[in-house]
Amino acid sequence: MTFAGTLPARRPLPRILVADDGRHPIEPAVELDHGLLLRDTDLSVVVARAASAPIQLAVDIDTVRGLGADEAAVEFIVRRLGIEIVLTRRSATALHAAELGGLALLHVLAFDSTGLHRSLDGHPRTAGVGTVVSPGLVLSHMSDGELASLSRPILGYGLMTEPDDIDGCLAIADGVVLRPDPARHYASMRGIGARPEGNVLTTVDAR
Amino acid sequence: MTTLAQPRPALAQPRLVAFIDRLATSPCCAAIVGEGPLTAALASRVPIVFILRGNGLELAPIVERAHEAGKLIAAHLDLVDGLRADHRGVAWLARSGVDAIITSHGQLMQAIRDEGAIAIQRLLLSRRSHLDTAITALSRSAPDIVEILPGVILPQVLKLMPEFGVPVLAGGFVRTVEDARTVLAAGAVGVTTSSPVLWDWEASL
C-alpha cells in the first residue's frame with residue numbers, strides 16, 4: 001500500500017542534525033538550521049522527544065532499542081509520532097518510509113571505494129530516499145563519479161569535529177550529523193547564536 | 001592526543017621488521033581484488049600486495065608467484081571467499097604462505113602470530129564512538145600493525161585518538177600522491193591503495 005501523495009510535501013533536510021541519545025537533552029539555538037537526530041537511545045525516549053521537542057526530529061531507526069525496523073515500526077515513527085526523517089541501513093525500511101511521505105536516508109559505509117560501490121548496490125534510488133554517508137569526512141575525498149552515484153539528499157555522518165571539515169562536508173552534502181560539542185563549537189566559530197546567555201545549545205528537559 | 005608512538009617490542013620479530021623496512025622506501029602497497037590487478041601489482045614497485053578478494057582456498061599459487069616477484073603478500077581473512085574468520089581459517093591462510101593476515105577480528109591476532117604470520121587488525125571507523133572502543137580493543141588484541149579505514153582521513157582521526165603505539169597503515173580513498181603524502185606525514189608507515197598511479201611512487205621523490 002502506498003501513502004505517497006496523501007501527506008504534505010517532504011520537509012527539507014536540516015543542514016545540521018545534532019546527535020541525541022536522550023541522556024542529555026539539547027535544543028540548538030534558533031539561529032542554527034538544525035534538527036535532532038535520535039540515535040542509540042530507547043523507544044520511550046523517541047516517543048518523549050516526539051511529544052516535546054520544539055525542533056525537527058530525525059531518527060536512526062536501526063539504533064533505537066526496543067524498536068523494530070519493519071513496516072509497523074516505520075509507520076509508528078512516521079505517521080504516529082510524525083518524525084519524517086528516517087535513517088536506516090535497510091533498503092526495505094527506507095522504501096517504506098518514503099512511501100509514507102517521509103524522507104528516508106539509506107546508510108552507506110564509505111571505508112573505501114570498493115565498499116562504497118558494494119554498499120550502494122542496495123540503494124533503491126527512488127524519490128524520497130537519500131543517502132547517509134559514513135564517515136562524512138570522506139565526502140570531500142570522493143571522486144565526481146562517486147558523488148554523482150549518491151542519491152540526494154546526502155547526509156554526512158561521522159567523525160566531523162573541526163569547523164573547516166564541517167564546512168567542507170556541507171559544501172558537498174545537504175546536511176551533516178554532529179555530536180553536541182562539535183555542533184556547539186561550530187556554531188560559536190561561525191558566529192551563530194553567539195548571544196550573551198552563552199550556550200548555543202541549551203539543555204531542556206525532554207524526558 | 002598525538003600521532004604514533006615508537007614501535008612496540010613486537011616489532012622485534014624479524015618478519016615484522018622486514019615488513020616495515022620494505023615500506024620505508026616504497027610505502028604504497030597494492031590493494032587488489034582480482035587477477036588482473038595482480039599482474040600489474042607484481043610488475044610495479046610495491047613491496048607488498050594486499051589481497052582483498054578471491055578464493056582464499058586457492059591462494060598458494062598466487063603467493064608463490066608474488067614471492068617469485070619479490071613481493072610480500074597480505075591476505076584479508078574476512079573478505080576472501082571460502083574461509084571462515086576463525087583459527088582454522090587463519091591456519092589455512094598461513095599455510096598458503098601469506099606473510100601477513102588482515103582481519104577485523106581482534107581475537108585472532110595471537111592466532112595469526114602463532115602461525116608465524118604478521119597480524120594486521122583492520123579498524124573501520126565511521127563514528128567518534130568507534131574510536132573510543134577501538135583503543136580498548138587494540139589494547140586487548142595487541143596487533144602487529146593496524147590498518148585504518150578510510151585512510152584518507154587519518155590526519156583528522158589521529159587527532160581524536162590517544163597514542164596507541166602500533167604501526168599504522170592507511171587504506172581507503174587514498175588515490176593521489178598528495179593523499180599519500182598527507183597520511184604518511186600524519187604518521188602512517190604505509191598506504192594500501194587500489195590506485196595503480198601510486199604503485200610506482202617513491203616517497204623520497
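Q: Which strands does helix α1 of chain A lie across?
A: This is a predicted model, and in it helix α1 (residues 43-52) of chain A lies across β3 (34-38) and β5 (57-60) of chain A. The helix runs at about 160° to β3(A).

Q: Ala50(A) is in that helix. What does Ala50(A) contact, leaving aside neighbours within four places in sequence?
A: Ala50(A) is in contact with Leu57(A), Leu81(A), Gly82(A) and Ile83(A).

Q: Is Ala50(A) partly exposed or buried, and why?
A: Partly exposed, because 17 other C-beta atoms lie within 10 Å of Ala50(A), and a residue counts as buried at 20 or more and as exposed at 12 or fewer.

Q: How far apart are Ala50(A) and Glu99(A)?
A: They are 49 residues apart in sequence. In space the separation is 21 Å, C-alpha to C-alpha.

Q: Where does Glu99(A) sit, and which other residues are buried there?
A: Glu99(A) belongs to helix α3 (residues 91-99) of chain A and is one of its buried residues.

Q: What covers the buried residues of α3(A)?
A: The cover includes α2 (71-80), β7 (85-88), β8 (103-109) and β9 (129-134) of chain A.

Q: Which residue with a positive phi follows α3(A)?
A: Gly101(A), with phi near 95°.

Q: What do the strands of chain A form?
A: They include a closed barrel of eight strands with parallel pairing, in the order β1-β3-β5-β7-β8-β9-β10-β11. The twist from one strand to the next averages 25°.

Q: How many bridges join β8(A) and β9(A)?
A: Six, in the parallel sense. Within that pair, Val108(A) has Val133(A) in β9(A) as its bridge partner.

Q: Confidence next. What is the mean pLDDT of chain A?
A: The mean is 86, and 83% of the residues of chain A reach 70 or more. Residues 1-8 of chain A have pLDDT below 50, and beyond near neighbours in sequence this stretch has eight contacts in the model. Residues 194-207 of chain A are also below 50; that stretch has 31 contacts in the model beyond near neighbours in sequence. Where pLDDT is low, the predicted coordinates should not be read in detail.

Q: Switching to chain B: what is the strand order of its barrel?
A: The order is β1-β2-β3-β4-β5-β6-β7-β8 (chain B), a closed barrel of eight strands with parallel pairing. Neighbouring strands are turned by 25° against each other on average, direction ignored.

Q: Which strands pair with β1(B)?
A: β8(B) pairs with β1(B) in the parallel sense over three bridges, and Cys28(B) has Val191(B) as its bridge partner there. β2(B) also pairs with β1(B) in the parallel sense over three bridges. In that pair Ala31(B) stands opposite Phe50(B).

Q: And how many bridges between β5(B) and β6(B)?
A: Five, again parallel, between β5 (residues 118-124) and β6 (residues 145-149) of chain B. Leu123(B) has Ile148(B) as its bridge partner in β6(B).

Q: Which strands does helix α1 of chain B lie across?
A: Helix α1 (residues 14-25) of chain B lies across β2 (48-51), β3 (72-76), β4 (100-103), β5 and β8 (190-193) of chain B. The angle to β5(B) is about 55°.

Q: Which residues of α1(B) are buried?
A: Leu16(B), Phe19(B) and Leu23(B). They line one face of the helix, because seen down the axis of α1(B) they fall within an arc of 60°. What covers them includes β3, β4, β5 and β8 of chain B.

Q: Which exposed residues are on the face turned away?
A: Pro14(B), Val17(B), Asp21(B), Ala24(B) and Thr25(B).

Q: Last topic, the contact between the chains. How many residues does each chain give?
A: Chain B gives 17 residues and chain A gives 16 residues. On the chain B side, helix α7 (residues 154-160) has the largest share, three residues. That side divides into 10 nonpolar, five polar and two charged residues.

Conventions. Residues numbered from 1 in each chain as written. Chains lettered and ligands numbered in written order. Predicted model: local features only at pLDDT ≥ 70, side-chain atom pairs only at ≥ 80, totals over all residues. Contact = placed C-beta atoms within 7 Å. Helix = DSSP H or I, 4+ residues; strand = E, 2+ residues; numbered from the N terminus. Nonpolar A, V, L, I, M, F, W, Y, C, P; charged D, E, K, R; others polar. Pairing = 2+ DSSP bridges. Axes fitted to C-alpha atoms, helices over the stretch in contact; angles between N-to-C directions. Arc of directions from axis to C-beta. pLDDT = per-residue confidence, 0-100.
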